[in-house]
Amino acid sequence: MKKMLLIFMLVIVSSVQAQPPGFNYDESKVPDYELPQVLRSLEGKRIKTVEWWQGKRRGEILELFREHVYGRVPLDVKAEIIPVIEEQSDEALGGIAIRRQVRLYLQEKGKEPYIDVLIYLPKLQLKRDGAVPIFTGLNFSGNHTVTSEKEVAVHEKWARNDSRLGHSNNQANEGSRGKSVERWQVKMLLKNGFGLATAYYGDIDPDFDDEFNNGVHTLFNSSRQLNGGDWGSIATWAWGLSRMMDYFETDGDIDHQRVALTGLSRLGKTSLWAGAEDQRFAIVISTDSGCGGAALSRRMFGETVKRINTAFPHWFCDNFNNYNDQEERIPVDQHMLIALLAPRPAYIASAEKDVWADPKGEFISGLEANSVYKLFGKQGTVVKHQPAVNVPVGDYIGYHIRSGDHDANEFDWQQYIKFARRHFNMK
Ligand code: GCU
């Protein structure tokens, strides 16, 4: 009986988390909206060719997102990547992998800021092919949570207090080692011929509202106020991913033309923006990215622009506040973010119980980006209606809504791996 009660309470707690009160979860109450046209230029001209898209419209949309949503990387940000291998093993994970921990100093060797990148590479494929494709992405709680291997260092940066992980006093510790293994599926990746390169997002910018005085923000403009269109944390994390890509280009074991970028939730918003800003990422994937990610803002289903700007004032640029309760005025919507990924393969994943992130709005973004893929002669989502639960669809824009909660799990990874193997022509 006690057990029943506990299960009941857990169900209530998780559904409360998935549906904070005071927001709309009723499809019939989604307002009528008109999306900005992805294939019409600011002067009102219809974009009919790839050349026009590449040479004109793509840049316009990118600038609109920088100015109004994520913010722009300040011009005076300078980084010089100085990689130092901190640890390496040729016998990782029972002998199937090479493990490498590389510290990327961004300014000066031995000094902050730096990004610690944990890399696993499949040994057999590396020997056979000389370089291997990888998945990359930022993690929420530290590289040591992605694996149980005790050699992986516990970071000493700011950590969110989290009783599930045993993190308190804003410090990570041994207790959370391996706690995100399910979320990363390293062994599945290796078995399928992929490596993984991941870093803790707090290395780039600690996730709290601190007026940008820490993380990589120390690299620049300490003397000047941020402007309304300057970067927020999402753009900063995305910038960090690009610095990781700079490093991949110099690591001969990594096939840097076959890097699939992935991220969950706020880090899914980040992977989409990083993929838009940096076309070196060959495949871009977002899991449950929701508001400010793949979900259309104008639907105002679940999380809204005002809510996200209020609860996380540091994520977007200040100008994004101008659209609190005024979603219909944003000069872009999130389907245009997916369009910026074209013609590269993109994957949008939703979870059935993650209504806060508006799964339907995430699907429609993909659907509305199809026209840009079509310009390139490619098919996007292929289907016009959101598919049933656990039925993946799509050609160049993959989509699924899986059963279960807000998270990245085995099912998600199975689809991403299948998608990447197909697009990377892996036999
Ligand atoms: C909150 C936030 C979401 C975000 C999520 C996460 O739920 O409202 O926008 O995606 O946190 O990153 O975990």
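1. Start at the ligand. One of its oxygen atoms sits 2.8 Å from an N or O atom in the side chain of Ser265. Arg266 brings a polar side-chain atom to 2.6 Å from a ligand oxygen. Trp356 does likewise at 3.0 Å. A polar contact here is a pair of N or O atoms within 3.5 Å; within protein, one must be able to donate a hydrogen and the other to accept it, and residues adjacent in sequence count only if both atoms are side-chain atoms. Taken alone, the ligand exposes 320 Å², and the protein buries 82% of that. Areas are Shrake-Rupley values with a 1.4 Å probe; for residues, only the protein chains shown count as cover.

2. A word on the basis. This is a predicted model, in which local features need pLDDT of at least 70 and side-chain atom pairs count only at pLDDT 80 or more, while totals for chains, interfaces and linings use all residues. Residues are numbered from 1 along each chain as its sequence is written, and side-chain values use heavy atoms, with hydrogens and water left out.

3. The shell around the ligand comprises Ser265, Arg266, Lys269, Glu303, Arg307, Ile308, Phe312, Trp315, Trp356 and His406. A residue counts as near if one of its heavy atoms lies within 4 Å of the molecule. Helices H8 (266–277) and H9 (305–311) are the elements giving two or more residues to this shell. By class it holds 4 nonpolar, 2 polar and 4 charged residues. Nonpolar covers Ala, Val, Leu, Ile, Met, Phe, Trp, Tyr, Cys and Pro; charged covers Asp, Glu, Lys and Arg; the others, Gly among them, are polar.

4. Now the sheet. It is open, with 9 strands in the order E1-E2-E3-E5-E4-E6-E7-E8-E9 and mixed pairing. E1 (82–92) and E9 (397–402) are the edge strands, each pairing on one side only. Neighbouring strands are turned by 20° against each other on average, direction ignored. Elements are DSSP runs numbered from the N terminus: helices are H or I with at least four residues, strands are E with at least two. Pairing needs at least two DSSP bridges between the strands.

5. Two pairings deserve a look. E1 and E2 run antiparallel, joined by 8 bridges. Ile85 has Val102 in E2 as its bridge partner. Their hairpin has 4 residues between the strands, and Leu93 takes a positive phi there, near 45°. E7 (283–287) and E8 (346–351) run parallel, with 4 bridges. Here Thr287 is partnered by Ala349 of E8.

6. H7 (233–248) lies across E1, E2, E3, E4, E5 and E6, at about 150° to E4. H11 (359–375) lies across E8 and E9, at about 170° to E9. Contact means heavy atoms within 4.5 Å. Axes are lines fitted to C-alpha atoms, for helices over the stretch in contact; angles run from 0 to 180 degrees between N-to-C directions.

7. Check the backbone in three loops. The Glu112 to Pro113 peptide bond is cis, with omega near -5°; Pro113 lies in the loop between E2 and E3. The bond from Ala342 to Pro343 is also cis, with omega near 0°. Pro343 belongs to the loop between H10 (335–339) and E8. Asp358, a residue other than glycine, has a positive phi near 55°. Its place is the loop between E8 and H11.
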